[in-house]
Every structure is written in structure tokens, then in C-alpha cells.
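Please keep the sequence and the structure in view while reading.

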Amino acid sequence: MTAALKIEALEAGYVRDLPILRRVDLGVERASLTVIIGPNGAGKSTLIKAVAGLVPVSGGRVLLDGKDITGIRPDQMGALGLSYVPQTDNIFRHLSIRENLALVLRRVPDRQARLEELFALFPVLAQKQADRAASLSGGQRQMLAVAMALAPRPRVMLMDEPSAGLSPKIAAEVLDLARSLTRQGVTVLLVEQNVRKALSVADHCYILAEGRNQMDGPAAAILADPVVGEIYLGGRRVGAA
Amino acid sequence: MIGVISYLVFFATMAGILAIVVLGLNLQWGYTGLFNGGVAAFFGAGAYVTMLLGGRPEPGQFGGFLAPFPVAIVGGILFAGLIAWFFGVLTLRLRHDYLAIATFGVAIALESVARNAEWLTGGAKGLRGFPRPLEATITALGGGDNFLYGLFFLALVLAVLAAVYVGLERLTRSPYGRALRAIREDEAAARSLGKNPVRLRLESFVIGSMIMGAAGGLYVAFYAYVGPQDLAPILTFQVWAMLIVGGAGNNRGAVLGAFLIWAAWTASGFALAALAPQAMQLYTGPIQYILIGSVIVGMLLWRPQGILPEQIRQQGRN
Amino acid sequence: MIQNLLDGILTGAVISLGAIGLTMVMHMLRFANFAYAELLAIGAYAALVFDRVLAALAPALATAFKPLTVSASLALATLLAMAITGASAVVVDWLVFRRIRAKADALSMVFASFGVALIIRNAITLAFGHNAQLFSQDIAFATVLSTDPLILVKADQVFVLVAALALMAAFHIVLTRTSFGFALRAVAENPTLAQVAGVRLSTMIVAVWLIGGGLSAAAGVFYTLTNHLSPALGSNFLLPVFAATIVGGIGSVYGAVLGGFLVGVASGLSLAVLPSGYVPAMPFLIILAVLLLRPHGLFGEDQA
């Protein structure tokens with residue numbers, strides 16, 4: 001089985017000649033959930049943004065279902081089947097919930113039917129559809145952000161710390177939601193600081209440090225690994241958001 | 001021959017006064033990254049106040065206090081600084097371009113006061129009659145000929161120019177100048193080093209505007225006249241063109257740009273007057289304005305660093 | 001006094017139309033565009049040329065719809081002028097601002113816009129002369145609404161106000177009812193997220209220049225219909241449209257509309273107490289008041 005998303009020797013950074021990512025390799029199996037963990041400044045967010053087309057790539061490539069999508073503009077990613085949920089500011093606060101969704105559904109042929117599907121998936125959003133998105137609670141905002149990313153029926157979804165800033169209960173709900181997406185065939189790659197919970201829902205885990213691959217393996221094995229446990233799951237949560 | 005020399009003296013005096021203005025703008029834009037859209041306002045404010053304080057009394061006209069020239073010009077400088085301080089305090093905390101809009105507005109507001117408040121500014125005809133410093137003494141020395149006085153005044157302007165230049169060079173090479181550039185390059189980093197960006201910007205803006213006010217005071221003494229057209233936006237455009245041509249962030253460039261653009265401006269004026277057909281004479285102004293606009297846009301597109309680029313930059317970064 | 005108020009509302013409508021595009025450009029491209037008001041002049045002169053050409057080609061079009069002085073040829077000419085002005089705004093962005101945007105900071109664009117304004121204004125002077133021009137030599141008779149105090153209204157003025165409000169209403173519908181409008185508002189709020197949501201930024205920049213140019217051209221024609229046209233049109237409106245955007249808060253379209261009427265009415269009313277020579281300074285006093293009382297404008301949330 002080929003990887004739905006494959007990252008090969010990726011080098012990327014905001015400033016020329018100063019790459020934050022140094023030859024990172026990563027593969028995500030179809031319809032699986034992969035989590036990237038690592039200390040602050042490891043380049044986790046940069047990696048996801050580079051895949052989404054928001055950070056200039058200086059070397060290596062990104063393959064989506066075998067197709068090279070390196071250097072493609074971020075606004076074209078959705079149509080290619082890749083969605084991205086930013087960590088903060090991931091909804092348009094001045095637009096109503098319905099308008100937020102209508103915006104991402106602009107290029108979707110059966111947009112009315114798709115809107116109904118999304119409302120069925122997130123009944124809270126349907127209830128509040130005419131309200132400004134700014135009026136939503138933290139968990140509801142995250143739901144709207146996920147709904148927006150799901151709108152164009154992506155095959156791969158990138159999420160940058162979806163549980164950041166949420167209460168433990170809501171954070172767990174959001175990660176369970178990410179898990180449930182894989183059951184609908186969506187491939188999910190997420191960055192998390194909430195390591196224990198993320199590992200408990202993930203299939204596979206990559207650890208990044210200083211812009212390089214550190215190690216990777218099945219999430220369950222990483223969770224059970226005593227060394228990893230010492231560093232990432234011990235009393236001190238590294239770089240809590 | 002004496003005619004040519006006396007014209008050159010006249011030209012150099014005016015170019016020197018403008019070079020002082022450009023140096024003031026260079027402190028604001030070149031070193032601190034502040035956009036002053038109303039250079040003419042600060043120049044004009046200095047000019048009008050110098051005239052009001054040091055000018056001759058006229059019936060029905062406020063001012064004309066016959067203050068000694070140094071007192072009058074200091075008044076002009078302080079007034080220009082006061083306006084700069086007021087608008088700096090209001091806008092320097094906001095988005096960068098608020099300062100540009102506010103200063104542009106100050107120039108328009110002052111111009112309309114100059115045109116309309118006749119009791120204060122003489123209205124459209126302006127104010128004339130200014131006892132030039134040491135004029136009687138020096139003209140007498142020259143045997144009644146005013147050529148010697150012209151030379152003396154040029155020397156005075158160049159002395160002020162040199163003083164401003166040296167002062168700014170010392171200021172910008174000092175730790176203070178490095179702090180200004182640090183704020184221009186990366187405000188957040190400068191703030192984390194304990195610099196107060198708003199205060200430093202305000203100081204730079206006020207000092208730059210006071211330098212412009214000083215140039216206005218010299219201008220009044222030179223022409224013994226000031227009018228609303230001295231506040232017109234074209235002066236702002238000319239001074240900006242001088243700075244971008246010479247090289248923003250380089251004081252030698254600022255002076256060079258002032259002399260070059262003023263020479264080009266005067267020469268193009270002569271050329272158009274001599275060569276353009278009679279029917280086109282009304283339109284020499286617009287042609288010159290288009291040239292100034294093209295110089296600004298062209299420099300920004302193709303040589304934004306100017307003829308003499310900023311040099312201290314690398315040094316400041318290390 | 002009431003006459004001043006009515007004239008102020010009319011000028012306010014013109015300022016509002018001009019300020020809508022400016023506030024969007026200032027917000028999206030993050031620079032104060034000192035060349036923006038020249039779009040009013042480009043629009044008005046383009047309409048003048050098209051009107052003369054159309055009237056010469058088809059004299060039947062040149063008959064005014066009484067009691068207006070507006071003819072079918074001028075109406076058509078205005079639409080053409082809106083398109084041309086929008087296109088010229090795109091061309092100027094393409095030739096100058098886009099290149100500077102690519103390599104320098106926002107203040108260099110402010111600087112460049114100074115130069116662009118100077119070039120456009122004086123090129124217009126060279127092409128059309130210093131003298132004031134009128135669309136129509138017909139005398140527009142005013143209707144006396146009241147003799148004490150004397151209040152006069154011309155049919156053209158009513159037409160201009162209605163047409164300006166209609167344009168604003170149309171733009172409001174675009175913003176609130178179409179997905180293109182959602183995209184415009186999305187880019188205004190968060191350009192990066194808008195890209196993630198599938199909006200192409202460069203397309204939106206072109207769209208904003210087209211809209212701004214079109215609305216400004218209409219503003220220029222509307223002002224000229226009730227006054228006269230000179231190359232100073234753009235520079236006369238520069239400070240008023242800036243004032244309107246600052247009053248409303250940079251980036252707020254509705255703020256700009258309200259700000260435009262506020263600046264127009266305040267300038268109109270100031271005529272009742274101040275000599276007319278001070279009117280150009282009125283928008284400046286309004287900017288001053290906003291900076292003192294509410295620096296981010298009535299609807300703004302723009303931080304430094």
C-alpha cells in the first residue's frame with residue numbers, strides 16, 4: 001500500500017539559506033492518523049505549513065498520492081485533496097458560520113448538498129449558522145475549522161495543534177474527532193503538544209528535533225517506550241502550549 | 001562673469017538650505033523609517049514663525065517684532081518641533097502610515113491658514129521685509145555692493161549645513177543612532193533589548209522636523225519673504241526626490257541629492273523656458289512635476305538605495 | 001445652514017464612494033496610497049472623453065433626460081470610464097506597486113504612491129489643460145424648496161445622491177450575498193487563512209483595484225456633474241477620502257461609507273461658520289479629532 005502523503009528530504013524555512021527543516025522524511029498511510037511530536041522549535045508547525053504551501057521549500061519534495069505537490073500555491077491545495085487547519089485564527093470571525101462554510105465550498109460542485117452533510121456532522125454549527133463565527137466557544141471554533149477543512153472532501157488533512165487552548169475534555173473530543181475522520185477514509189497528519197492523548201488516538205508517531213527526524217514508530221510502541229516517556233510524557237510537559 | 005558667479009552663489013545658497021531640509025528628512029526616514037508626508041509644513045512653520053518674530057512691523061499685521069535673527073530662528077525651530085511632537089505623540093503608536101497621512105494633512109491645514117489668515121500670515125501675498133543678519137555691516141564692507149553679502153550668507157548657510165551634518169553623523173554613529181536603526185529593522189527585537197521604540201521614534205521625528213524648521217528660518221532670511229507657496233506640496237516632493245536620489249540613510253548622499261536635484265530642477269526650468277514653444281510655457285510646471293514624480297518612482301523601482309547607499313548598516317548589524 | 005447640510009451630504013456621497021476602495025486597498029496591501037484619489041480624476045476625464053466621442057458618433061444619444069443634464073451618452077460614458085479606471089488602477093499596481101511590494105516594505109509603497117500621484121495629476125494637466133471643464137453646457141435649473149431660508153436643489157444633485165447610494169447598496173449585496181463577497185471579506189480579515197480556504201490572493205488584489213477604480217470613477221463623474229472638472233479634482237479629494245477611511249477604521253467598508261458622509265457634512269456645515277478658504281483643512285481637523293478620541297476609527301481594529 002502506498003503512502004497517501006509522502007515527504008522526502010524536505011528542506012524549508014522562512015529565510016533563504018536558513019532552513020528550519022533539514023531533510024525531513026515522513027510517510028503517512030492512507031486513512032491513518034499520524035502525529036508529529038517534539039520539543040518547541042523542532043520545526044513541527046513549519047513542516048505542516050511547508051506541506052500546505054505556506055512556507056517556501058528549498059529542497060526535497062512532497063507527494064500526495066504519488067503526485068508531486070511541492071511548491072504549489074496554498075489556495076490550490078484544497079482542490080488537489082489536501083486540507084490544512086491552522087493552530088490559531090483558523091476561522092473568519094467577522095463572517096457568519098454559514099458564510100465561512102460557503103467560502104470554502106465556492107469551488108465544490110454540489111455545494112448545497114455538501115453544506116447539509118457538514119451541518120449533519122456538526123449539528124451545533126447548523127444551529128448557529130447565522131451567527132458571527134466570533135461568537136463560538138473555543139471547541140465550537142475548532143469544529144468550524146475542521147468542518148471548513150473537510151468541506152472540499154480532502155483525502156489528506158493536516159492539523160496544527162488542534163487541541164491547543166482547549167479544556168482537557170474538549171481537547172480530547174477534538175482529538176477523537178480527528179480519529180473519527182480516518183474511519184471515513186481521510187488521512188490525518190497532526191502536530192500535538194498534548195502528547196499522551198494524541199498518541200492514544202494515533203496509529204503512527206514521528207518525533208522531530210532541531211528540524212530533523214529523531215525517531216518514528218507505531219504510536220502504541222512510542223507510548224510504551226521508557227526513554228520517550230521520560231522525555232515527552234514525564235512530569236514536565238515539554239513546551240506546553 | 002560676476003553675473004555667473006553671483007548666480008552660482010545664489011544657487012548654492014538655495015541648494016544648501018534644501019540640503020539642510022533633506023538631512024532632517026534623512027534622520028526621520030533614512031535612519032528611523034518614519035514617513036513625513038508634510039516636509040513643507042515643518043519648513044514653512046519655521047519660515048513663518050521666524051518672519052513673525054524677526055520681521056519688520058507692518059500696519060494691521062500681527063508680528064514684526066524685530067527680534068534678533070538668532071532669537072527669531074530659534075522660535076521657528078521650536079515651533080516646527082512643537083508641531084512634530086504633537087502629531088508624533090498622536091500617531092507614532094499607530095500603523096506606520098498614519099504619520100504619513102497626518103503630516104500630509106498638517107501641510108494642507110497650514111497652507112490654508114497661510115492663505116486665509118491675513119492678519120497673521122499676510123494671506124496670499126505673504127509677508128515681506130526681513131532685516132537680514134548683519135546686512136548693513138557687511139554691505140558697507142563690500143562698498144555698498146550686495147555681492148559680498150551674498151557670499152556671507154552662503155557661508156552662513158554652509159556653516160549651518162556643516163553643523164547639522166556633523167551633529168547628525170555623530171548622533172547616528174552613536175549607540176543612540178544604532179538604537180534608531182535597530183528599531184527601524186526589527187521593532188520587536190529592539191523592544192526586547194529594552195529600547196522604547198515609541199520614544200526614540202518621537203525624538204527622531206521631532207529633531208528632524210526642527211532641522212527642517214531651521215532651514216525655513218534661513219530661507220526667510222535669504223529671501224526676506226515668505227508666502228503660502230512655500231508650504232505647497234511640491235517642496236515635500238522635491239525633498240523626497242533629493243533623499244531617494246542621494247541615498248536614504250547616508251548623510252553625504254542626502255547633501256549630494258539636494259544639490260543634484262536642485263541643479264536638475266533649475267536647469268530643466270531654464271531649458272523649458274528657453275526651448276518650449278510659447279503655447280507650452282504655461283505647462284512647464286506640470287512637465288517638471290512629472291519629472292520629479294518619475295525620478296521618485298524610477299529610483300524606487302531600479303535603485304532604491306540611491307547613489308550613495310547606506311554604509312553603516314552592516315556595521316550596525318554586527 | 002440646511003443648504004450647507006444638503007450640499008455636505010452630496011459631497012459626502014462622493015467621498016464615501018472614493019473611500020470604499022481606498023480602505024480596502026490600504027488594508028489589504030497595508031499602505032496609505034497617496035495616488036488613490038487620482039482615480040477620481042482619471043474616471044471623470046475618461047467619462048468626459050467617452051461622452052464627447054459617443055455624442056459625436058450618435059448625436060441622438062446626447063439629448064439630456066430633462067430635468068437632468070445627464071444624457072444617454074454620458075451614462076454610457078460613465079460605465080466605460082468605470083471600467084477604464086479600474087483597469088488603469090490594475091495597470092499602475094502591475095507597473096509600480098506590485099514590483100515594490102515584492103522587494104521592499106510598505107512605506108516604500110507610500111513613497112512610490114506620492115510619485116505616481118504627481119505623474120498622473122500632471123499628465124492630466126498636460127492632456128486637458130489647467131482650465132475647468134463641464135460635462136454639459138446646459139444650464140441646470142435649481143428647484144427652490146424653500147425661500148426662507150433659501151434652499152435650492154438641482155435635479156442632478158438628487159440623481160447623483162440616488163445613484164451613489166444605489167452603487168453602495170449594490171456593493172453591499174455583493175459583500176453579503178455572494179461567495180466572491182465572502183472572499184473579499186475573508187482576505188480583509190486574514191489573508192493567510194483566506195489562501196488556505198482556497199482564495200487566490202493575486203486575484204483578489206486585482207478585484208479590489210477594479211472595484212476601487214470603478215467606484216472612484218463614478219465618484220469623479222458624480223462630483224463633476226454637480227460642480228466642475230479640473231486636474232486638481234484628485235488632490236482636492238485626497239485628504240477627504242483619507243479622513244473618511246480613518247474615521248471608519250482602516251479596512252472597514254461600512255466605516256468608510258459613514259466616514260465619507262461625516263466628512264462631507266462636516267465640511268459643508270463648516271462653510272456656515274468658517275471662510276471658504278479653510279474648507280480644505282476640515283478633513284484634517286476630523287482626522288485630528290479621531291486620532292485624539294478613537295485612533296482606530298469607529299469600526300477599526302487595526303493595530304500598528
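Two strands pair if DSSP finds at least two bridges between them; helices (H or I, at least four residues) and strands (E, at least two) are DSSP runs, numbered from the N terminus. The model is predicted: local features need pLDDT of at least 70, side-chain atom pairs count only at pLDDT 80 or more, and totals for chains, interfaces and linings use all residues. Residues are numbered from 1 along each chain as its sequence is written, chains are lettered from A and ligands numbered from 1 in the order in which they are written, and side-chain values use heavy atoms, with hydrogens and water left out.

In E7(A), A:Met159 is the bridge partner of A:Val85. Strand E7 covers residues 156-160 of chain A, and its pairing with E6(A) is parallel, over four bridges. Both strands belong to an open sheet of six strands with mixed pairing, in the order E6-E7-E8-E3-E9-E10 (chain A). Strand E6 (82-85) and strand E10 (212-218) of chain A each have a single partner strand, so one side of each is left without a neighbour in the sheet. On average, neighbouring strands of this sheet are turned by 15 degrees against each other, direction ignored. For such angles, axes are lines fitted to C-alpha atoms, for helices over the stretch in contact, and angles run from 0 to 180 degrees between N-to-C directions.

Two helices of chain A may be considered next, with contact meaning heavy atoms within 4.5 Å. Helix H6 (residues 138-150) of chain A packs on the sheet and touches E6 and E7 of chain A, its direction making about 165 degrees with that of E6(A). Helix H7 (residues 168-183) of chain A also packs on the sheet; this helix touches strand E3 (33-37), E7 and strand E8 (187-191) of chain A, at about 155 degrees to the direction of E8(A).

The contact between the chains takes 20 residues from chain C and 18 residues from chain A. About 1,800 Å² is buried between chain C and chain A, and carbon and sulfur atoms give 60% of this area. Buried area is the accessible area (1.4 Å probe) that two parts lose on being put together, summed over both. C:Phe182, C:Glu189 and C:Leu193 supply 31% of the area that chain C buries against chain A, more than any other three residues.

Two salt bridges (a side-chain nitrogen of Lys or Arg within 4 Å of a carboxyl oxygen of Asp or Glu) are found across this interface. One of them joins A:Glu99 and C:Arg185, with the closest N and O atoms 2.9 Å apart. On the side of chain C that touches chain A, the elements giving two or more residues are helix H6 (179-189) and helix H7 (191-196) of chain C. H6(C) gives the most, with seven residues.
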